[in-house]
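This briefing goes through one protein chain, from the overall fold down to single residues. The sequence and the model come first.

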Amino acid sequence: MGPPGVGKGTQAARLKTLLGVPHVSTGDILRASMQERSALGNEVRGFVESGRLVPDALMGELIGERLQREDAAPGFILDGFPRTLEQVATLERVTGRLGRPLDKVLMLVAPESEIVRRLSGRRTCPSCGSVYHLDSKPPKAAGICDACGATLVQRPDDTEAVIRERLRIYEEQTVPVANAYRERGILAVVDGTGDLDAVAERLTAGLGPVRERS
Ligand code: AP5
């Protein structure tokens, strides 16, 4: 977890390779459904594009369905869920049912000025989901995805007004989630500043020993 633009998706994509478990990003799932113009996509578009949270009941159904798929049986990295105290309770029910409690909650932090800089320079691939930054992670050819050759775009929720709204909602609804996990003794706060490798090293150290996968 961590505020918008702190680097959750970028680092989760690396951890996924290290741990050999799927990266489950609720933001990516919602954006894919919007792109397919599925019923879910049409229902959530207004929330996502204005920076508001999608209702908890809908998110609960979505995460319950995703985590019971076979590829998540050895474990999973959650990115962007839970974001409210109600989602914490939902996740507890789902992981209880699956018999897979959370090992650790990693919270990346960075100053707001850095977050705004990262989000305003972010470019994403609408086709394969790869994430770039105009300064810190530029594609080899300007505007073109290195991985699949599609034209890169700026997310509609990466405008300054929507970024401010996302940060406000994070403070109001998601900071209490961090406090709940801190009380349970499974929260590690990790400095998200510095280059990608430095952050990855700190995150891996924060992860500590994880339960052996069967
Ligand atoms: P979501 O996609 O989860 O957005 P977010 O939490 O706002 O996070 P971001 O994806 O914007 O940022 P990130 O932390 O992953 O940063 P990134 O790695 O890309 O959710 C979007 C929306 O979906 C929500 O607003 C909501 O509407 C809805 N939603 C999702 N989950 C929900 C839920 N559970 N309940 C209700 N609604 C939900 O990095 C950012 C940029 O910085 C990139 O350009 C990257 O290259 C660059 N960068 C990363 N690390 C570094 C570094 N160390 N140095 C320099 N640049 C860096």
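Of the 214 residues of the protein, 44% count as buried, where buried means under 20% relative accessible area, exposed means over 50%, and partly exposed lies in between (1.4 Å probe, protein chains only). This is a predicted model, in which local features need pLDDT of at least 70 and side-chain atom pairs count only at pLDDT 80 or more, while totals for chains, interfaces and linings use all residues. Residues are numbered from 1 along each chain as its sequence is written, and side-chain values use heavy atoms, with hydrogens and water left out.

**Overall fold**

- The protein has eight helices and six strands; these are DSSP runs numbered from the N terminus, with helices being H or I of at least four residues and strands E of at least two.
- The order of the elements from the N terminus is α-β-α-α-α-β-α-β-α-β-β-α-β-α.
- The radius of gyration is 17 Å, close to the 17 Å that the globule rule gives for 214 residues, so the protein is as compact as a globular protein of that length. The radius is taken over C-alpha atoms, and the rule is 2.2 Å times the number of residues to the power 0.38.
- Along the principal axes, the C-alpha atoms fill a box of roughly 45 × 40 × 35 Å.
- Among contacts with a separation of 6 or more, 67% are between residues 24 or more positions apart; a contact means heavy atoms within 4.5 Å.

**Helix α7**

- Helix α7 covers residues 160–183, has 24 residues and reaches 33 Å from its first C-alpha to its last, close to the 34 Å expected at 1.5 Å a residue. The expected span is 1.5 Å times one less than the number of residues.
- A kink of about 40° in α7 is centred on Glu171, the bend being the angle between axes fitted to the seven residues ending at a residue and the seven starting there.
- Buried residues of α7 include Val162, Ile163, Leu167, Tyr170, Val177 and Tyr181.
- The elements that cover the buried residues of α7 include α3, α5, β3 (105–109), α6 (112–120), β4 (122–124) and β6 (187–191).
- After α7 comes Gly185, with a positive phi near 80°.

**Backbone geometry in loops**

- Phe81 and Pro82 are joined by a cis peptide bond, with omega about 0°.
- Pro82 lies in the loop between β2 (77–79) and α5 (85–98).
- Arg37 is not a glycine, yet its phi is positive, at about 55°.
- The loop that holds Arg37 runs between α2 (26–36) and α3 (39–50), and Arg37 is exposed, with a relative accessible area of 59%.

**Ser25**

- Ser25 is in strand β1 (residues 23–25) and is buried, at 5% relative accessibility.
- A polar atom of the Ser25 side chain lies 3.0 Å from the backbone nitrogen of Asp28.

**Cysteines**

- A search of the whole structure finds zero disulfides, a disulfide being a pair of cysteine sulfur atoms within 2.5 Å.
- Cys145 is in no disulfide, and the nearest cysteine sulfur, that of Cys128, is 3.7 Å away. Cys145 is buried, with a relative accessible area of 3%.
- Cys148 is also in no disulfide, and the nearest cysteine sulfur, that of Cys125, is 3.5 Å away. Cys148 is partly exposed, with a relative accessible area of 39%.

Conventions: A polar contact is a pair of N or O atoms within 3.5 Å; within protein, one must be able to donate a hydrogen and the other to accept it, and residues adjacent in sequence count only if both atoms are side-chain atoms.
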